[in-house]
Amino acid sequence: QVQLVESGGGLVQAGGSLRLSCAASGRTFSSYVMAWFRQAPGKEREFVAGISRGGGVTRYADSRFTISRDSRFTISRDNAKNTVDLQMNSLKPQDTAVYYCAADPTKVRVGVMGSEYDFWGQGTQVTVSS
């Protein structure tokens, strides 16, 4: 069983930044593919970013296995601390959502479907005001 606890959400003005963090329990964190999803009111849950077990591969909603050089969001992980972070810059009101951390302990590839992830955190609210 894996327990995930998100933190770092809050209220921010458009153009601002937030850093979300997810702390995971368990001794095998380095064997999990990790991801962030979000769900806005009245919308379906959507993939935001994912990262491979060792952190060498990242995937974002608008790209395919690319480094986040031009992305507003950057996912990273620290396997020594059992944490995965999501740095969010240049936030827009449409980024307002509950953000969830998810873990996939079985596969190697970074999936983009929520059904591929077995464990979820409780979510943290991000609100971006215009």
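Strands here are DSSP runs marked E, at least two residues long, numbered from the N terminus. This is a predicted model, where local features need pLDDT of at least 70, side-chain atom pairs count only at pLDDT 80 or more, and totals for chains, interfaces and linings use all residues. Residues are numbered from 1 along each chain as its sequence is written, and side-chain values use heavy atoms, leaving out hydrogens and water.

Let's start with alanine 35, which sits in strand E4 (residues 33-39). Because its relative accessibility is 0%, alanine 35 counts as buried (buried means under 20% relative accessible area, with a 1.4 Å probe and protein chains only). Its contacts, meaning heavy atoms within 4.5 Å, include Phe47, Ile75, Tyr100 and Tyr117, not counting residues up to four places away in sequence.

Now hop over to strand E3 (residues 18-24). Strands pair if DSSP finds at least two bridges between them. E3 runs antiparallel to strand E1 (residues 4-7), with 4 bridges, and serine 7 stands opposite serine 21. E3 also pairs with strand E8 (residues 83-88), again antiparallel, over 6 bridges; there, alanine 23 has threonine 83 as its bridge partner.

What about nonpolar cores, sets of buried Ala, Val, Leu, Ile, Met, Phe, Trp, Tyr and Cys residues joined through side-chain atoms within 4.5 Å? The largest has 29 residues, with Trp36 and Met88 among those with the most contacts inside it. A second, separate core of 7 residues includes Ala35, along with Val33, Ala102 and Val110.

Conventions. Buried means under 20% relative accessible area, exposed over 50%, partly exposed in between (1.4 Å probe, protein chains only).
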